[in-house]
Amino acid sequence: MTTWWLIFILGTLTAVFFGFIWIVVTLSRLGGGGKVGGKRSTEDLNKSYSDIVEEDATHLFNKEFREELRNRGRLRFEKIIDENAMFLKQDLDMTIAQLNEYMKKQISSKLEQEFAAYSKAMGEAQELAIDSLKKTATDVEQQRNAMVDAMQKEVTARETAMIDVYQENMAKIIEHYLQSSLGETIDLNSQLPYIIARMEENKKDMVEDMRL
Amino acid sequence: MSEEGLSRYVFPPSLVSRADISRLARELENLENEVEAQRVRGAEKAGYHLPAFSTPFAEFLDQNKLDVTDAQTRMHLTRDLRALKDKTPIIHLTFATDANPVILQQLTEWIREQIHPQALLSIGLQPGLVGGVYVRTPNKVHDFSFKAMLEEKHSVMLKELDGLNGR
């Protein structure tokens, strides 16, 4: 609809323009017939033309027509603003989408870098921990071996000492053992033959001692 | 009284220790008092009512054929018992466990047959001996205990143990 209005206005302006040209050509032809008194009539003619044009212009661009043109211009301007706003919105959406994509890429890249650094640091820390554990295990194994050796030596020394003490105190140990295990079970009835036999062996000494 | 006079007394197996001699002397003293009381009351010698004697005293009187109704005999016996208590040789026997009277009587019989007819025993207890007996005569000591036997065999045990340890 706007295009038709524009064509209509342009057609009107073109018709007015060609009408004006026709009027000018006609008046020139009329002025060429009397050269002496022509200057004055030309000036009058120009004046009358100007008045006519002015009157036509006033008649053509009257108040209603100007209001109509203003409304049309306002509508056109609003349309242009809407279109520009739409274009701006599209551009803005596209920009936002591109910006989001860019941000995603940047964030992903940054995160990948951070994750890579983190993974590297974790790997290094894990290697350090493994090395530390290996070292600790080695130390513990060495200490365990040393402790086993020391305990073995200690046990051997104690065993030797106990055997020595046992051998040195064999009579006491056996005496204590016999006393604790047999002292209350062997009565004098069973010992009497042994006692009499031993006294019989030493009877001579005992008799001589009793005679003194 | 001489020691030859004292040696005529025969000790029964139930008379083991010096305390038994003292017990005989005390029992004889009681008898003397009883007989004297009956005599004062006018009883005749044949009519004395004698108290019951203990087994060692009865055996001692029986084996030595003593008549305690006779005052002279009682007087001599009282004197001799006091002498025997002080002069009779004593053998000290130390055991690892308590010795019952039967064992002591058997040992007393053997000692009086083989060592001395009037020997008295003094009994001691020492669990450290483990077994056997520790004999002490007036001047000598004879250790027949298991403890002494083990100490004697100490070197043998050490030798055997060294052999087991491969030394």
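Contact means that heavy atoms lie within 4.5 Å. The structure treated here is a predicted model, in which local features need pLDDT of at least 70, side-chain atom pairs count only at pLDDT 80 or more, and totals for chains, interfaces and linings use all residues. Residues are numbered from 1 along each chain as its sequence is written, chains are lettered from A and ligands numbered from 1 in the order in which they are written, and side-chain values use heavy atoms, with hydrogens and water left out.

**Exercise 1. Describe the sheet of chain B.**

Step 1. Helices (H or I, at least four residues) and strands (E, at least two) are DSSP runs, numbered from the N terminus. Two strands pair if DSSP finds at least two bridges between them.

Step 2. The open sheet of chain B has four strands in the order β2-β1-β3-β4, with mixed pairing. Its edge strands, each pairing on one side only, are β2 (120-125) and β4 of chain B. On average, neighbouring strands of this sheet are turned by 20° against each other, direction ignored.

Step 3. β1(B) pairs with β3(B) in the antiparallel sense over four bridges; B:L93 has B:V135 as its bridge partner in β3(B).

Step 4. β3(B) and β4(B) run antiparallel and are joined by five bridges. Four residues lie between these two strands, which form a hairpin. In β4(B), B:V133 has the bridge partner B:F144, B:Y134 has B:D143, and B:V135 has B:H142.

**Exercise 2. Characterise the interface of chain B and chain A.**

Step 1. Contact links 43 residues of chain B with 31 residues of chain A.

Step 2. Buried area is the accessible area (1.4 Å probe) that two parts lose on being put together, summed over both. For chain B and chain A this is about 3400 Å², 70% of it on carbon and sulfur atoms. In chain B, the residues that lose the most area to chain A are B:W110, B:I115 and B:F144, together 19% of what that side buries.

Step 3. The elements giving two or more residues to this side of chain B include β1 (90-95), α5 (101-114), β3 (132-136) and β4 (141-145). Helix α5 (residues 188-201) of chain A lies across β1, β3 and β4 of chain B, at about 140° to β4(B). Axes are lines fitted to C-alpha atoms, for helices over the stretch in contact, and angles run from 0 to 180 degrees between N-to-C directions.

**Exercise 3. Locate salt bridges between the chains and in the whole structure.**

Step 1. A salt bridge is a side-chain nitrogen of Lys or Arg within 4 Å of a carboxyl oxygen of Asp or Glu.

Step 2. One pair is A:E154 with A:R158, whose closest N and O atoms are 3.0 Å apart. Both residues lie in helix α3 (residues 63-168) of chain A, four residues apart, about one turn of the helix.
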